[in-house]
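Dear colleague,

Please find below the structure that I am handing over to you. My findings follow directly after it.

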Amino acid sequence: MMATSDPPGDLKYWGSRGVSLAPTTRSGDKYSVLSPIEKHIIAECQEEAFYYRSLPLSLCFGFGSHSFYNLGLLNLPVFERLPRQVVKWGLVAGAGVLGFWMGQLSYSNHCATKFLNRAPEGVIALDIRMKAGLQLYPYSIFSPNNHEKWRQLSSMREEEKLNFNEGRKFEIDPEFKDQNVLSPNILDGRV
């Protein structure tokens with residue numbers, strides 16, 4: 001039987017914050033080696049590639065294929081057995097997807113230049129130079145040239161993980177500070 005002074009349910013074991021010991025602000029990229037400027041450049045490149053290249057090309061290809069189909073320039077004998085509307089809108093959708101991917105690919109060189117100019121020492125810029133043949137050694141954690149850089153990056157990430165709580169180290173909730181971790185299992189007879 002529970003005494004009347006015991007908190008109800010799981011509060012007795014886990015405290016008012018619940019069972020999670022994870023940081024309150026979750027970062028999905030806690031092991032990422034990308035710097036914040038590289039993450040910003042990636043987001044900027046994705047947005048610009050979509051609005052400046054992919055969307056215009058997609059719309060132009062879609063409207064163009066629609067117009068060409070209505071003018072009879074895209075009436076191919078391959079599509080005679082399919083309904084007219086299915087062929088028409090299939091061509092429009094296919095041309096739109098083709099325009100989208102052509103726009104994305106056409107922006108990749110511009111994006112690579114952004115990385116080389118704005119984050120020349122970043123991981124992505126090193127990878128671009130290596131693939132272009134401008135970097136003599138492969139960028140690898142096993143390369144002796146990169147050990148120091150990887151040590152710096154890992155120590156930075158470790159500091160970020162330790163300082164997730166506004167610089168405070170790991171804290172134990174005062175409600176169960178003196179409680180043993182195994183005590184719920186001992187009380188329930190699971191040990």
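Arginine 53 lies in helix α2 of this predicted model. Its relative accessible area is 29%, so arginine 53 counts as partly exposed. When neighbours within four places in sequence are left aside, the contacts of arginine 53 are Glu48, Gly103, Ser106 and Tyr107. For serine 106, the separation from arginine 53 is 53 residues in sequence, while the C-alpha to C-alpha distance is 7.5 Å.

Glutamate 48, one of these contacts of arginine 53, is likewise placed in helix α2. With a relative accessible area of 19%, glutamate 48 is buried, because the limit for that class is under 20%. Residues up to four places away in sequence not being counted, glutamate 48 touches Arg53, Tyr107 and Lys114.

As to the overall architecture, the chain has 7 helices and 0 strands, and its pattern along the sequence reads α-α-α-α-α-α-α. The chain consists of 191 residues, of which 23% count as buried. Among the contacts in the chain with a separation of 6 or more, 58% are between residues 24 or more positions apart.

I turn next to the packing of the helices. Two packed helices are described by the angle between their axes and the distance between the axes.

Helix α2 covers residues 36-71 and helix α3 covers residues 84-106; their axes come within 7 Å and cross at roughly 150°. This angle makes α2 roughly antiparallel to α3, since angles over 145 degrees fall into that class. The crossing in which α2 passes α3 is right-handed. The contact of α2 with α3 comprises 13 nonpolar, 11 polar and 3 charged residues.

Helix α2 also packs against α4: the axes of α2 and α4 come within 10 Å, with a crossing angle of roughly 155°. The two helices, α2 and α4, are therefore roughly antiparallel to each other. Their crossing is right-handed. Sorted by class, the contact of α2 with α4 contains 6 nonpolar, 1 polar and 5 charged residues.

What is the crossing angle of helix α4 and helix α5? The axes of α4 (residues 108-118) and α5 (residues 123-132) cross at roughly 120° and come within 9 Å. Here α4 passes α5 in a left-handed crossing. Helix α4 contributes Ala112, Phe115 and Leu116 to the contact, and helix α5 contributes Ile124, Ala125, Ile128 and Arg129. The residues of this contact of α4 with α5 are 6 nonpolar, no polar and 1 charged.

A pair of aromatic rings is described by the distance of the centres and the angle of the planes. The structure holds 3 aromatic pairs. In the pair of phenylalanine 50 and tyrosine 51, the ring centres are 5.0 Å apart and the planes stand at 80°, so the arrangement is edge-to-face, the cut-off for this class being over 60 degrees. Phenylalanine 50 has a relative accessibility of 31% and counts as partly exposed. Tyrosine 51, at a relative accessible area of 49%, is partly exposed as well, given that exposed means over 50%. Phe50, Tyr51, Phe100 and Trp101 together form one aromatic cluster.

Finally, I would draw your attention to methionine 156, which is found in helix α6, residues 147-162. Its relative accessible area of 44% places methionine 156 among the partly exposed residues. Between methionine 156 and valine 33 there are 123 residues of separation in sequence, whereas the C-alpha to C-alpha distance is 9.5 Å.

With kind regards

Technical notes:
Residues are numbered from 1 along each chain as its sequence is written. This is a predicted model: local features need pLDDT of at least 70, side-chain atom pairs count only at pLDDT 80 or more; totals for chains, interfaces and linings use all residues. Side-chain values use heavy atoms; hydrogens and water are left out. Rings of Phe, Tyr and Trp (its six-membered ring) pair if their centres lie within 6.5 Å; planes under 30 degrees apart count as stacked, over 60 as edge-to-face and the rest as tilted. Buried means under 20% relative accessible area, exposed over 50%, partly exposed in between (1.4 Å probe, protein chains only). Axes are lines fitted to C-alpha atoms, for helices over the stretch in contact, and angles run from 0 to 180 degrees between N-to-C directions. Helices (H or I, at least four residues) and strands (E, at least two) are DSSP runs, numbered from the N terminus. A crossing is left-handed if the near helix is turned anticlockwise from the far one by less than a right angle, and right-handed if clockwise. Contact means heavy atoms within 4.5 Å. Ala, Val, Leu, Ile, Met, Phe, Trp, Tyr, Cys and Pro count as nonpolar, Asp, Glu, Lys and Arg as charged, and the others, Gly among them, as polar. Angles under 35 degrees count as roughly parallel, over 145 as roughly antiparallel, 65 to 115 as roughly perpendicular and the rest as oblique.
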